[in-house]
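Reader: I would like to talk through how the parts of this chain meet. Could you take me through the terms as we go?

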Amino acid sequence: SLQAKMSRPVQSRRLEGVDKNIWVEFVKLAATYSTVNLGQGFPDFPPPDFLKEALVTALSGENHMLHQYTRAFGHPPLVKILAQLFEKLLGQELDPMTNVMVTVGAYQALFCCFQAFVDEGDEVIIIEPFFDCYEQMVTMAGGTPVFVPLRLKAPENGKMMSSADWKLDSAELASKFNERTKAIVLNSPNNPLGKVFSRGELELIADLCVKHDVLCISDEVYEWLVYDGKEHIRIASLPGMWDRTVIIGSAGKTFSATGWKVGWTVGPNRLLQHIRTVHQNSVYHCATAAQEAVAQGFQRELMLYGKPDSYFVQLPKELQKKRDWLVQSLDAAGMKPIIPEGTYFLLADISNFKSDVPDVPNSDEPYDSRFAKWMVKNKGLAAIPLSAFYCGAHKNNYSHFIRFCFAKEEATLKAANDILQKWKQEKTS
Amino acid sequence: MLLASRSFCCLGIRTYQHQTDLFSRSIKLSASATMAFRHKNARRIEGLESNMWVEFTKMAADPSIVNLGQGFPDISPPNYVKEELAKASADDRLNQYTRGFGHPLLVKVLSQVYGRVCGRKVDPLTDILVTVGAYGSLFSTIQALIEEGDEVIIIEPFYDCYEPMVKMAGAKPVFIPLRYKNNGNSASSADWVLDPAELADKFNSKTKAIILNTPHNPIGKVFTREELQVIADLCIKHDTLCISDEVYEWLVYKGNQHIKIATLPGMWERTITIGSAGKTYSVTGWKLGWSIGPQNLIKHLQVVHQNMLYTCSTPLQEALAQAFWIDYKRMDDPDCYFYSLSRELESKRDRMARLLQDAGLKPVVPDGGYFMIVDVSTLNVDLSDVDAKQAYDYKFVKWMITSKKLSAIPVSAFCGSETKRQFEKYIRFCFIKKDSTLDAAEVILKNWNKQMA
């Protein structure tokens, strides 16, 4: 038999330690038990009409060649409009053919970055809490993830917590950089916290990148989802950063169409050339039709940039309302929300509900994970435990936060509220 | 010391950027040169940056060129397939993430179709992975199961991505060529065969896998049961995996049968079989493919997938699933697209062969697939004054594109470096093209012949 022959297993060593995935479990639980799913991050409302129409139009046209291969590094209309948009945003001249590459979602863009630049022995700094795939991808590329935490400094006077209350310690961050540091992964706005890094915070990171000659992989998929008039600042626009930064974006998050799986990388050719090499040796082409439709979507947005009709203006406006609604719901129920400055996620402290899920001493599983599982099974409300966004060693740093996604229809948020209110009533009675 | 001077240099950049653009840009450039050391690519992609498709697709992109090069149809996909995508695009529920390893409806129908074809139960959740094209399946398979120290046997000529993918996984490609056995006048893809002794010689304790491609690109060979048995016997004897690229599985012409090596005794448990929506339904731009195999192998491909792109497009998978259901239900009916497409292509194949023969050439008539290779040395086009280092077929194709406005792909692009010279008189034509395209090719080939006379 196969196993008998080889003293080592059939699978390659690069898969060691990357086989677990919490989403598989939590998505299944939500599918089985939840009546209200605020877990996995996707909108339950449709993409905007203009985008859907763009796809329908593209497919109904005379040109059936949209069903065939397009340019491997990105459909020309799409890379052209992305270059135009990012030229505007970065104040930097861009060549659509060499400074932009389209990927299968931002997920594949991240994969290409790690595969292109991370070798065994390289260290990659990851800020905790983090979108869980970063650690897996660095590991699969043979690199060593080095974690540095955002720490919560809770406000006084009983004010509600904000994602801005989570900060990096500058000395601690500086201590993580050394000769082996190949890259730092930045995610702003941050999933799961909703933190939008300030200019000062970005300058801190930029200074260290420049000083230590480190790459910055900047995951900016939630770039349009910022609230309260906050500004999303692109680290690539800071001095010394364009040459060493790869910006990652997502049509799924930009246009509320996560199922389309269209993403992109923007950066200097010197870096993108290597990302192209990975891409051409892994998936090569991305699907054509969705790229055509996303290009149309961006055309519209570029024309309406900054105007009230722009989806980039309307979406955050809508989501801010939903954010505030959920914050209110959670607060009224006795869960303590952390108001996010951006993204469509927020964390809530469930300490007041701990009595429902007793502690299990010496349990391998973090408390918040057990809580989230209990909650979906018994209350039908799905959320994701914060520990999912920490490395193994730090999973118990914060044991009582769960993450909710609020990119949901009013009816969904109302249903969530009903569950929470009922739950609260059960506790007080 | 080095760090200090680098920091100084970097600090220098920051001060200079406050000055005039020109000056700061020149400083930036020279600083970039010193920074190049740290921005080096990872070892795994060293030497893998070139790709001949980039060059040849660019050259053929000129609309005045009759493009028989890159392998994609310029015929329309069947109407019902286009309609299913239109329907899926209009469905609000299909714009968000679906199941990572494959949209439930799609894996269900794939398990039915392939269960029937393989004559065994195929579990939709554990035995199938949906990927971004067959290309993505090849990558997932190789990343999952191949690593440094492994050898992978590749049959030449080969679809060009096999070599860089094996190298990117840190393994060593071991090549074995198909050889033309002189069988008289007719040139058929069946005349190209592996030498069993030579093949056996390539297997050793380091051999992790062999990559099989049947029907074969570029030659169009459809491996016979006996030929597959030779390969299977060696796989079993040496306990080797088989990566079977069967994207052209439905495109087999009269008198031939596509046999899945996974159905041979002892092979299911060691084979990953790869398929493609692009080739099955003439929709290369949908970029959906699949890997099918035993759970204990597929689970590792799923791990790669969940760390690489996680999910594939929802509307495309839904549309593909619906199209598959339509054809699954009529698999006993000759109108099933799986059979009707190959009938349509057979006449195009025959026409292409005639065109080339009328131009005085000897095409290798394929038993399957939608490519045809032809020996162009008999045209005696002298390109000796062009770059001597380049293979003849590369030079020939470039010359043909510019002077004849007809494109093809050089077959030596599908060979390892040692074998390139053996195949450099062959070029590959793609014939899954509409009549007007083939008409235009006919005009060019007829005139060519006239000029030579």
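Author: Gladly! Domain 1 of chain A and domain 2 of chain A bury about 4000 Å² between them, 61% of it on carbon and sulfur atoms. This is a predicted model, in which local features need pLDDT of at least 70, side-chain atom pairs count only at pLDDT 80 or more, and totals for chains, interfaces and linings use all residues. Residues are numbered from 1 along each chain as its sequence is written, chains are lettered from A in the order in which they are written, and side-chain values use heavy atoms, without hydrogens and water.

Reader: What makes area count as buried?

Author: Buried area is the accessible area (1.4 Å probe) that two parts lose on being put together, summed over both. In domain 1 of chain A, P47(A), F312(A) and E341(A) lose the most to domain 2 of chain A, together 22% of what that side buries.

Reader: And how are the two domains bounded?

Author: Domain 1 of chain A covers 13–47 + 311–428, and domain 2 covers 49–304; such bounds come from an automatic or database domain assignment.

Reader: Why is the pair D228(A) and R323(A) called a salt bridge?

Author: The rule asks for a side-chain nitrogen of Lys or Arg within 4 Å of a carboxyl oxygen of Asp or Glu. The side chains of D228(A) and R323(A) meet at 2.9 Å, N to O, so the pair qualifies. Across the interface of the two domains, the rule finds two salt bridges.
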